[in-house]
Amino acid sequence: MLKTLSRHSWKMVLAGVMAVSLTACGSGSSTPQAGQGGAQAPAASKYPEKPLVVVAPSGAGGGWDKTARSIAKVLGENKMVGQSMTVENKPGGGGAVFLAEYATKDVKDNYKLFVSSPPILINNLKKEGNSPYGYKDTTPLAQLTKDYGAIVVSADSKFQDMKSLIDALKTDPTKVTVAGGSAPGSMDHLIAVLPAFKSGIDPKQVKYVSYDGGGEAMTALLGKNADVIATDASSVGEYLKAGKIRVLGISSPERLGGNLKDIPTLKEQGIDAEFNIWRGIFGPKEMSADALSFWDAKLKELNDSEAWTKELQANTWEKDYKNSNDFKAFLGQQETLIKEMLTALGMAK
């Protein structure tokens, strides 16, 4: 992106030099006007000129799905974008299946955006089932929120707190089925095994079952096909309110608000484990300059709006905005941290 801006800047400088030279060589002293031999002003961008799509690379009900729908909802209802926005679900491989198609076939499609979070880094760095594609095969547009991991059991589970779960895993980790909405080595898996790892348990011994999206993982938990699930804290509120689940711990530095205000953090329970689930929106790798400029301004407007603040509160999300440049730099830093984590767990490629 920086190279593109640099070339554009040099073109503007050269155009200015040529304009001055032509004026100096002219016989008159008046400034040329448009239509009288002077340089025409660049045409204003008409982007977007057709409907837009925001892809959630997962099934319905999980964090990506809710984020995509919230973005489309607030932008649409508040008429921030002059075109309709629809959300599409494209599950598979914790986002890797969609990204493989997007990074090879949709590299110039300015009308298809997608949401993602740490898996776009994890899938590219892990050893088994890794994806050759990552955030560098996209145009990062903005980070919008941060969330945290939650360790969840059914309301009638024998596990009352993290200590009882850790004790069971220490006794025989194969007797506890832990599930998540992403593939082995991906985000939910890391959230699931980090408490065990920090408690001296070999994370490779934890029995982990993956599902396509947090919604399917929750269904497995409620259907007694899993003893524990690791998921996004923001996705459990309605189940907690309905009395269907118990949240054992949150991977945040301090307690969250709303329905989760009474849930202790992992650190409160003696487990030094923290995991920040940022969420952002991305465009194609070869996104046009006018489309990038449009979204850089529009997503800042979204972030600053009262409607977005209310949406964050309704979903128990925390605001954490970064523009395109800052988001790209942040992803580079996170890539280093994720690789270190995967290496410690024996999962880095």
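In this predicted model, helix 2 comprises 15 residues and spans 21 Å from its first C-alpha to its last, close to the 21 Å expected at 1.5 Å a residue. Because 11 of its 15 residues are buried, helix 2 is largely enclosed by the rest of the structure. Helix 2 (63-77) also supplies at least two residues of the lining of the largest cavity.

**Helix 2 and its end**

- The buried residues of helix 2 include Gly63, Trp64, Asp65, Lys66, Thr67 and Ala68.
- Further along helix 2, Ser70, Ile71, Ala72, Val74 and Leu75 are buried as well.
- An α-helix has 3.6 residues a turn, so residues three or four places apart point the same way.

**Largest cavity**

- Rolling a probe the size of a water molecule over the atoms shows where empty space is left.
- The model contains 4 cavities of 30 Å³ or more, and the largest cavity has a volume of about 210 Å³.
- The largest cavity is lined by 21 residues, of which Ser58, Trp64, Gly181, Gly213 and Gly214 are the closest to its centre.
- Besides helix 2, helix 6 (187-198) and strand 7 (228-232) each contribute at least two residues to the lining of the largest cavity.
- The lining of the largest cavity is made up of 12 polar, 5 nonpolar and 4 charged residues.

**Second largest cavity**

- The second largest cavity holds about 80 Å³ of space.
- Its lining has 14 residues, and those closest to the centre of the second largest cavity are Gly95, Ala96, Leu99, Ser116 and Ile120.
- Helix 3 (96-105), strand 3 (112-116) and helix 4 (119-125) are the elements that each give two or more residues to the lining of the second largest cavity.
- In the lining of the second largest cavity, 9 residues are nonpolar and 5 are polar, with no charged residues.

**Thr177 in strand 5**

- Thr177 belongs to strand 5, which covers residues 177-180.
- Thr177 counts as buried because its relative accessibility is 11%, and buried means under 20%.
- Apart from neighbours within four places in sequence, Thr177 contacts Lys207, Val209, Asn225, Ala226, Asp227 and Val228.

Terms used: Residues numbered from 1 in each chain as written. Predicted model: local features only at pLDDT ≥ 70, side-chain atom pairs only at ≥ 80, totals over all residues. Heavy atoms only, no water. Helix = DSSP H or I, 4+ residues; strand = E, 2+ residues; numbered from the N terminus. Buried < 20%, exposed > 50% of the residue type's maximum accessible area, 1.4 Å probe, protein only. Contact = heavy atoms within 4.5 Å. 1 Å grid on protein atoms, 1.4 Å probe; cavity = no way out; pocket = protein on both sides within 12 Å on 5 of 7 lines; lining within 4 Å. Points joined across faces, edges and corners; volume = space filled by probe spheres on them. Nonpolar A, V, L, I, M, F, W, Y, C, P; charged D, E, K, R; others polar. Expected span 1.5 Å × (residues − 1).
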